[in-house]
Amino acid sequence: MDNYNPANMLLLLVILFNFFLLGSSRLNACIRTVAIQGGILSLLPLFLHGFSGHSLILAGGAFLLKGIAIPFLLLRAIRQVHIRREMEPLLGYVPTLLLGTLATAGAFIFSDRLPLIEIHRGSLFIPVGLATLATGFLMLITRRKAITQALGYLIFENGVFIFGMLLAEAMPLMVEAGVLLDLLVAVFVMGIVMHQINREFSTMNTDQLSSLRE
Amino acid sequence: MLELLLHLFLLLGLSPLLPGVIGKTKALFAGRTGPPFLQSYYDIWKLFGKGLVISRTTTWVFRAGPVVGLAVPVLAALLVPFGAISAPLSFTGDLIFFVYLFGLARFFTASAAMDTGSSFEGMGAAREVTFSCLAEPTVFFSFIVLARLSGSLALDTMFGPALYTAWQSAGPSLILVVACLFVVVLVENCRIPFDDPNTHLELTMIHEVMVLDHSGPDFGMILYGAAMKLFVLGALVVRLVFPGSTGNLLLDTLLFAGGMLLLAVVIGLVESTMARLRLLRVPQLLVGTMLLSFFSLILLLR
Amino acid sequence: MIAAILLLPFCGGLAAFCIPSDRFRPLLLPVCGLAHLVLTFFVIQGGQTAPLPMAGNWIVVDSFSRLILLIVSLLFCGCSFYAVGYLRYRIVWGNRIFVSCLLIFLAAMSLAAVARHLGLLWVAVEATTVASAPLIYYNRNRLSIEATWKYLILCSVGIALAMLGILFVAYAALAGGAQVSLQFDDILRGAANYSTPWLRAGFVFLLVGFGTKAGFAPLHTWKPDAYGEAPGVVGALLAGGLTSVAFLALLRTLQIMEAAGDGAMAREAFLAMGLVSLGFAAVFVIRQPDFKRLLAYSSVEHMGILAIGVAIGGVATFGAMLHLLNNALTKGVLFLAAGNIHRRFASKRVGEVQGAITLVPVSASLFLLGFLAITGSPPFAPFISEFTILRGIFTGGHYLTGGLFLFFLAVIFIGMGSTVLSVVFGTPPERKGDTNYRETIMTTGTPLVLLLIILILGIYLPEPVWSLVAEAAALLEVKP
């Protein structure tokens with residue numbers, strides 16, 4: 001395993017960030033961590049596909065959106081509603097961390113058994129992608145505040161992005177641009193809805209959003 | 001023979017220097033001059049000359065605690081290579097012996113604390129034992145990683161020459177192991193962010209409160225034992241970070257001593273820049289560290 | 001021409017954002033709606049039009065596109081007229097976001113219909129999610145916020161899963177040694193060489209992802225909340241337009257699987273999802289106290305019917321394509337009429353809404369007739385399409401499926417019927433205050449027209465419509 005390959009180092013950092021996100025309750029720190037994670041991921045195409053025009057534009061655009069614009073929107077959203085901390089998640093921090101580690105371990109074991117093509121075998125992209133997907137999913141379903149659910153969605157999208165990087169030929173620039181733009185607008189709308197949630201319910205706890213039921 | 005003497009000399013002679021260096025680093029950060037480097041030596045010397053005050057409610061356990069606390073690090077040090085100086089004592093599976101030696105010491109310290117019948121000390125004992133319980137899996141996972149890399153279950157070989165080649169083949173795993181073992185050093189020696197060695201409020205103490213009732217030579221033994229424990233556990237981290245060997249024994253010894261002092265500076269740095277964690281968060285952090293070491297094992301296994 | 005179809009509503013949306021007057025802004029809606037409808041007719045007549053020059057072959061109008069464009073455009077045009085009346089009633093709230101998002105929603109749906117590149121399709125479907133979320137929130141109360149948040153999160157996650165599916169499909173090409181491209185024709189050409197495990201994994205994710213958007217059970221949990229809390233206009237467009245677009249995405253997936261030779265597995269999955277959806281709908285429709293949530297479950301039911309039709313194949317596929325059209329138009333009738341009733345009574349619950357026939361006679365009778373249509377009574381069009389699907393099921397020998405199909409439909413008929421009848425008939429309850437809503441031609445004209453269309457289609461299927469639907473069905477049956 002070519003260990004000190006910068007792409008592999010960055011991918012390991014991504015996994016460490018996943019663990020941090022699962023265990024942290026400070027919202028500011030979580031948002032900034034997702035921003036750094038997005039920024040790291042946006043640099044990966046440069047390592048994988050060299051410094052061609054396509055990957056430079058993609059990396060630049062992704063960095064701008066994932067690393068700067070989207071976190072800015074989220075930070076603004078929580079500043080307006082003055083929340084600082086997440087409440088105890090549905091499972092508790094320690095069980096969530098345990099689940100996240102199990103999912104990461106499972107991702108590593110599972111990806112060895114996948115029928116990959118030769119150059120991808122043994123690389124860290126697929127397991128890290130799967131682990132990030134699992135982390136995003138865990139955050140989505142176990143957290144109570146709307147903002148952390150939005151963060152979970154962003155982490156999930158980060159995981160999909162990792163997969164997308166393996167297939168740069170299939171994803172032309174326009175589509176990538178469209179995807180990123182969609183993400184930006186989605187987060188923008190989420191921010192607005194979060195603000196409205198806070199205005200109506202005076203809290204961002206989505207437990208309160210449980211009146212609609214059978 | 002030479003290794004045995006060097007081990008004992010380094011351990012007994014150098015270990016009280018570490019708390020001094022840590023204190024000096026913290027003072028520098030705070031803009032003070034701080035206590036002199038050799039302060040721990042002066043303290044131990046002073047304490048051994050003082051008289052003993054023993055509570056009437058205690059038994060022999062109370063006297064045994066500090067003695068065991070002094071003997072265990074000496075024995076444990078003989079199992080661990082100091083830098084490139086190999087360990088005098090080594091047998092397969094001695095890593096388990098190593099971990100449980102410290103468990104023995106902890107048991108006696110906690111029992112001595114509870115023997116006094118004071119509720120503060122019982123509280124401190126409970127906290128200390130919980131934290132060590134949570135830190136133990138980390139140590140074991142880290143040792144398993146090293147055992148796999150070196151192919152042996154003896155600490156001497158695990159931390160021996162195989163380490164240099166291990167860094168080339170499994171760098172990321174070893175980086176995580178170093179981080180995890182550093183956290184273990186902080187936990188076991190009751191440093192910030194897990195415990196504040198300078199606090200004077202009993203409700204916030206963990207280790208200090210356990211040794212509150214000891215005095216005179218007993219307290220001296222406790223201080224010395226704590227310094228030696230820091231030295232031995234720190235030696236693991238230093239060996240991991242500086243895996244090579246120059247071949248010249250004197251140079252190796254000097255390098256090792258330098259590494260230990262550097263470790264003390266780093267601990268001082270960590271203590272100066274971080275605040276103590278809320279008690280609720282410590283178990284979460286320790287479980288996180290355990291999961292991190294588990295993850296480093298996974299990285300190795302794939 | 002195709003560019004005009006996409007750019008017109010988009011520019012209309014931007015223009016709506018800039019127009020300052022709340023009174024005149026809604027008029028933009030029918031203008032754009034009519035223009036869009038006219039353009040759609042031209043595109044449909046034009047046969048297989050040439051691809052858009054600057055977009056390469058990313059935007060191509062094939063038979064599916066034509067059918068979906070017709071459905072979406074027709075429904076939107078009708079709803080735009082209704083919206084003028086609705087927004088006049090709600091003039092106090094302001095409508096800038098509403099009108100602009102509505103037009104952008106139309107643009108996104110049109111883009112999804114003509115997209116020939118999986119990535120572009122994804123972008124368009126995600127855009128529909130983002131554009132429709134503010135529309136659900138228009139009622140500005142706690143319940144609609146809750147519904148909007150659930151809709152946004154669930155659909156966005158679903159779409160992200162669909163993206164994963166798309167990437168797996170591309171990886172299947174990579175692993176199979178075929179050309180890696182997400183352009184649809186390239187995929188269809190090379191699908192036979194794709195690596196099967198990756199393709200199947202991709203299919204599952206695409207099914208789950210787009211299935212969430214379409215509202216198949218058990219991924220439908222956002223539907224009752226969103227349809228229940230959104231204004232009637234939005235509900236009609238979501239239930240008629242958006243589900244059709246999402247189903248189109250699923251049809252594209254099925255086309256890929258057919259081209260790869262794995263169509264049997266895909267059809268089984270569709271059949272299973274269809275039956276599960278029917279089952280869920282049947283259970284939740286019984287004793288449903290909220291008549292707008294009732295319509296959501298009806299939507300789940302009809303997605304199930306569509307899935308079953310497509311899964312069976314043969315003449316049932318024709319029935320399913322026809323049902324896309326019928327379902328969309330009938331849902332339009334139902335939601336618009338339900339919206340009127342809701343406004344008149346200021347409540348959606350069965351206990352508080354009774355005797356609608358005396359207070360809002362046109363809307364109530366439209367609601368009743370719409371109910372009859374959607375549950376498959378002759379002489380309305382859904383009867384024809386459901387009967388065709390049933391014919392396909394039985395001639396194919398799937399007796400168990402057919403039996404379950406009929407059973408669930410019967411249960412749904414009874415369940416819906418009890419709610420609808422108690423809403424429409426009976427004596428109106430004592431009103432604490434009279435809402436000032438009165439029926440106008442704007443708010444009743446559209447559902448009336450749509451119902452007439454359904455009636456006509458049920459009695460006589462005109463030749464152009466027949467050939468449009470048949471061509472769409474033929475796309476699924478062709479094996480390269």
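How many disulfides does the structure hold over all chains? The structure, a predicted model, holds zero, a disulfide being a pair of cysteine sulfur atoms within 2.5 Å. C:Cys11 is accordingly in no disulfide, and the nearest cysteine sulfur, that of C:Cys32, is 9.1 Å away. From the side of C:Cys32, the closest cysteine sulfur is that of C:Cys11, and the separation of 9.1 Å is too far for a bond. C:Cys11 counts as partly exposed because its relative accessibility is 43%, whereas C:Cys32, at 6%, counts as buried. Buried means under 20% relative accessible area, exposed over 50%, and partly exposed in between (1.4 Å probe, protein chains only).

In this predicted model, local features need pLDDT of at least 70 and side-chain atom pairs count only at pLDDT 80 or more, while totals for chains, interfaces and linings use all residues; side-chain values use heavy atoms, with hydrogens and water left out. Residues are numbered from 1 along each chain as its sequence is written, and chains are lettered from A and ligands numbered from 1 in the order in which they are written.

Over all chains, the structure holds 18 salt bridges, each defined as a side-chain nitrogen of Lys or Arg within 4 Å of a carboxyl oxygen of Asp or Glu. One of them joins C:Arg252 to C:Asp62, with the closest N and O atoms 2.9 Å apart. This pair links distant parts of the chain, since C:Arg252 is in helix H10 (residues 232-260) of chain C and C:Asp62 is in the loop between helix H2 (28-45) and H3, 190 residues apart. Helices (H or I, at least four residues) and strands (E, at least two) are DSSP runs, numbered from the N terminus. C:Arg252 has a relative accessibility of 2% and therefore counts as buried; C:Asp62 is buried as well, with a relative accessible area of 5%.

A salt bridge also forms between C:Asp225 and C:Arg293, the closest N and O atoms being 2.9 Å apart. C:Asp225 lies in helix H9 (residues 222-229) and C:Arg293 in helix H12 (residues 291-312) of chain C, so the pair ties together parts 68 residues apart in sequence. The relative accessible area of C:Asp225 is 3%, which makes this residue buried, and C:Arg293 counts as buried at 5%.

Helix H9 of chain C also contains C:Glu229, which forms a salt bridge with C:Lys348 at 3.0 Å between the closest N and O atoms. C:Lys348 lies in the loop between helix H13 (315-345) and helix H14 (356-359), so parts 119 residues apart in sequence are tied together. Both C:Lys348 and C:Glu229 are buried. Salt bridges that share partners join C:Asp62, C:Arg116, C:Asp185 and C:Arg252 into one network.

Helix packing was examined in chain C. The axes of H3 (residues 63-89) and H4 (residues 96-114) come within 9 Å and cross at roughly 170°. Axes are lines fitted to C-alpha atoms, for helices over the stretch in contact, and angles run from 0 to 180 degrees between N-to-C directions. The two helices are therefore roughly antiparallel (angles over 145 degrees; under 35 counts as roughly parallel, 65 to 115 as roughly perpendicular and the rest as oblique). Residues in contact (heavy atoms within 4.5 Å) include C:Phe76 of H3 and C:Leu106 of H4.
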